[in-house]
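Reader: I am new to this structure. Could you walk me through it?

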Amino acid sequence: MEYNNNQQEQQVISLPRIGDPAPAFEAETTHGTLQLEDFKGSWVILFSHPADFTPVCTTEFIAFQEIADDLRKLNTELLGLSVDSVHSHIAWVRNVKEKMGVELTFPIIADLNKDVAKKYGMIMPGESTTETSRAVFVIDDKQIVRAVIYYPLSTGRNMPEILRLVKALQTTDEHGLATPANWQPGEMAIVPPPKTQEEADERAASDEFECKDWYFCKKHI
Amino acid sequence: MACVNGDGTLTQSAKSVLSSLDNKPMSAEQLSQLISVPLFKVRSSLRDMKSMGLVKMTNDEHYEVTEGGRKLLSR
């Protein structure tokens with residue numbers, strides 16, 4: 001099959017979908033050379049930012065650091081990325097510590113050749129061809145992409161939502177339940193709808209769940 | 001997690017890894033728990049050290065220090 005240049009470019013910038021294996025990579029980071037495989041067994045928040053030494057990114061990195069301990073308790077590691085050199089990252093990390101009093105403890109990928117950014121579709125050419133957008137890939141302990149969030153260059157991300165998302169995904173895995181809008185840990189979760197008439201009748205008659213109707217049941221976890 | 005400083009000596013983190021393995025060969029997971037360093041960092045460090053010949057992997061996927069690793073550790 002032949003591709004012209006435009007098709008090839010389209011191919012490399014497409015993002016991995018939810019449920020896909022996370023694309024493997026080896027990258028230079030502020031913590032040395034890391035492979036995605038090094039994180040096997042842990043969940044990973046792989047996130048990109050446009051550039052070091054920019055104000056919105058600085059607020060985001062401080063905010064990511066603030067949830068790092070909570071994420072660690074969820075067996076989840078942070079891994080940042082931008083199209084900057086490792087020396088730029090190191091200088092920025094030192095600057096954030098000196099000026100803002102916050103020590104950034106997670107690794108940051110120096111993706112100067114955009115290898116990882118292209119594999120994960122982190123560059124939005126309509127917005128910028130040189131900077132990565134504010135992408136978040138939630139990768140589970142089996143290295144499957146479980147959720148994807150994209151924000152534009154102008155808008156900083158919401159860390160409580162990222163934390164809530166990881167908790168919701170892990171709750172789904174542990175209990176086989178879904179989570180409703182605005183769900184928070186400790187609240188009731190959604191029982192998947194029945195797939196047969198018999199199951200629907202049994203569900204409606206059961207007092208195990210709190211049901212509005214046969215298809216809409218919740219359960220305490 | 002670089003292993004060696006510019007002057008050829010081991011970094012503090014590399015010393016910690018090597019001296020722990022010098023007592024007893026262990027897996028990356030065991031080592032991560034022992035020295036309280038995230039598993040991804042330990043795996044990365046062990047890969048670097050293996051490529052430099054400082055550690056080698058045993059048949060049961062444990063890591064042990066090589067003679068070269070011991071020499072560098074004693075510097």
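Reader: Which residues point one way from strand 3 of chain A, and which the other way?
Author: This is a predicted model, where local features need pLDDT of at least 70, side-chain atom pairs count only at pLDDT 80 or more, and totals for chains, interfaces and linings use all residues. Residues are numbered from 1 along each chain as its sequence is written, chains are lettered from A and ligands numbered from 1 in the order in which they are written, and side-chain values use heavy atoms, with hydrogens and water left out. On one side of strand 3 sit A:Trp43, A:Ile45 and A:Phe47, all buried. The other way point A:Val44, A:Leu46 and A:Ser48.

Reader: Why is strand 3 of chain A called largely enclosed by the rest of the structure?
Author: Buried means under 20% relative accessible area, exposed over 50%, and partly exposed in between, with a 1.4 Å probe and protein chains only. Strand 3 covers residues 43-48 of chain A, and it is largely enclosed because its buried residues number 6 of the 6.

Reader: Which residue of strand 4 is the bridge partner of A:Val44?
Author: Strands 3 and 4 (residues 76-82) of chain A pair in the parallel sense over 6 bridges. Two strands pair if DSSP finds at least two bridges between them. For A:Val44, the partner in strand 4 is A:Glu77.

Reader: How many helices and strands are there in chain A?
Author: Helices (H or I, at least four residues) and strands (E, at least two) are DSSP runs, numbered from the N terminus. Chain A has 221 residues, of which 45% count as buried. Its count is 6 helices and 10 strands.

Reader: What is the phi of A:Gln143?
Author: Most residues other than glycine have a negative phi, and most peptide bonds are trans. A:Gln143 lies in the loop between strand 6 (134-139) and strand 7 (145-151) of chain A. It counts as buried because its relative accessibility is 10%. Although A:Gln143 is not a glycine, its phi is positive, about 70°.

Reader: Where is A:Lys114?
Author: A:Lys114 is not a glycine either, and its phi is positive, near 65°. Its place is the loop between strand 5 (108-110) and helix 4 (115-119) of chain A.

Reader: Which residues does A:Thr171 touch, not counting those up to four places away in sequence?
Author: A:Thr171 is in helix 5 (residues 159-175) of chain A. It counts as buried, because its relative accessibility is 12%. A polar atom of its side chain lies 2.7 Å from the backbone oxygen of A:Lys167. Contact means heavy atoms within 4.5 Å, and A:Thr171 touches A:Gly176, A:Trp183 and A:Ile221.

Reader: Which residues of chain B lose the most area to chain A?
Author: Here 8 residues of chain B are in contact with 14 residues of chain A. Buried area is the accessible area (1.4 Å probe) that two parts lose on being put together, summed over both. Between these chains it is about 880 Å², with 46% from carbon and sulfur atoms. Together giving 60% of what the chain B side buries, the residues that lose the most are B:Phe40, B:Arg43 and B:Arg47.

Reader: Which side chains meet in a salt bridge?
Author: A salt bridge is a side-chain nitrogen of Lys or Arg within 4 Å of a carboxyl oxygen of Asp or Glu. The count between chain B and chain A is 1. At 2.6 Å, N to O, the side chains that meet are those of A:Asp38 and B:Arg47.

How values were computed. A polar contact is a pair of N or O atoms within 3.5 Å; within protein, one must be able to donate a hydrogen and the other to accept it, and residues adjacent in sequence count only if both atoms are side-chain atoms.
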